[in-house]
Amino acid sequence: MKRDQLNELVYQMLETEMGGVEIYRTAVRCATNDELKKEWKKYLGQTENHVEVVRELMGELGLDPEADTPGRDVVRHVGKSLVKAMEMALASTPPEAAQIVAAECVVLAETKDHLNWELLGQVAKKIKGEEKKALEAAQEKVEDEEDEHLYHTAGWARELWIEFLGMPAVIPPPEEEKDVKTAIGAARAKQARAEML
Ligand SMILES: [Fe+2]
């Protein structure tokens, strides 16, 4: 395992979570469905906590949370772009369209976030000693929440689009109803949607 690259992953993780906080703050403003607004407010609180979890992990790995890397800059740029996309939608599209843009932006951001944590889990299997414990403890705290953020919002994005297209939609989406926490579960929920209409 390449130590410098593990450090880079952790820097990107912090930046992803920090960007996530801003993304959820904006997404909450875009939400018109009360249930979705409530859900994103919950995810905002959880993401604020993930920032702290990554900061603590950095302390245990001897990394400076203020240090910048070129890769971290790129992640920051993507986060800001997603916020800007939602602001554009808020200013220029109907509310139901801005809500869909927000769901898509959350899915894009959470795809990176989910990958980060999955990779950290892979590293935790290889690394040894105190650092292994620190990585596992951090992952344990966020794992289920990250799954929910990605799979549930992906379900919302799909169903809101279907509704927007004037077709029968399942709202809240089956991923939410079935409390999906895995990719297989998400595939099953999607398959089952036809029976829920
Ligand atoms: Fe997160």
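Met-167 lies in the loop between α5 and α6 (174–177), where helices (H or I, at least four residues) are DSSP runs numbered from the N terminus. The model is predicted, so that local features need pLDDT of at least 70 and side-chain atom pairs count only at pLDDT 80 or more, while totals for chains, interfaces and linings use all residues. Residues are numbered from 1 along each chain as its sequence is written, and side-chain values use heavy atoms, with hydrogens and water left out.

With a relative accessible area of 45%, Met-167 is partly exposed; this class falls between buried (under 20%) and exposed (over 50%), computed with a 1.4 Å probe on protein chains only. Met-167 and Val-142 are 25 residues apart in sequence, and their C-alpha atoms are 35 Å apart in space. Together with Trp-161, Phe-164 and Leu-165, Met-167 forms a nonpolar patch on the surface, with about 400 Å² of accessible area in total. Patches of this kind consist of residues with over 30% relative accessible area and no salt bridge, nonpolar side chains (Val, Leu, Ile, Met, Phe, Trp, Tyr) being joined within 5 Å. A salt bridge is a side-chain nitrogen of Lys or Arg within 4 Å of a carboxyl oxygen of Asp or Glu, and accessible areas come from the Shrake-Rupley method with a 1.4 Å probe. Phe-164 lies in helix α5 and is partly exposed, at 38% relative accessibility.

Helix α5 also holds Lys-133, which counts as exposed at 52% relative accessibility. The C-alpha atoms of Lys-133 and Glu-60 are separated by 10.0 Å, although the two are 73 residues apart along the chain.

Glu-17 lies in helix α1 (residues 3–30) and Glu-146 in helix α5 (residues 129–164), so the pair ties together parts that are 129 residues apart in sequence. Both glutamates, Glu-17 and Glu-146, are buried.

The largest nonpolar core has 51 residues, of which Val-10, Trp-40, Leu-57, Trp-117, Leu-120 and Leu-135 touch the most other members. Such a core is a set of buried Ala, Val, Leu, Ile, Met, Phe, Trp, Tyr and Cys residues joined through side-chain atoms within 4.5 Å. Helix α1 gives the most to this core, with twelve residues.

Conventions. Helix = DSSP H or I, 4+ residues; strand = E, 2+ residues; numbered from the N terminus. Patch = residues over 30% accessible without salt bridge, like charges linked within 9 Å, V, L, I, M, F, W, Y side chains within 5 Å.
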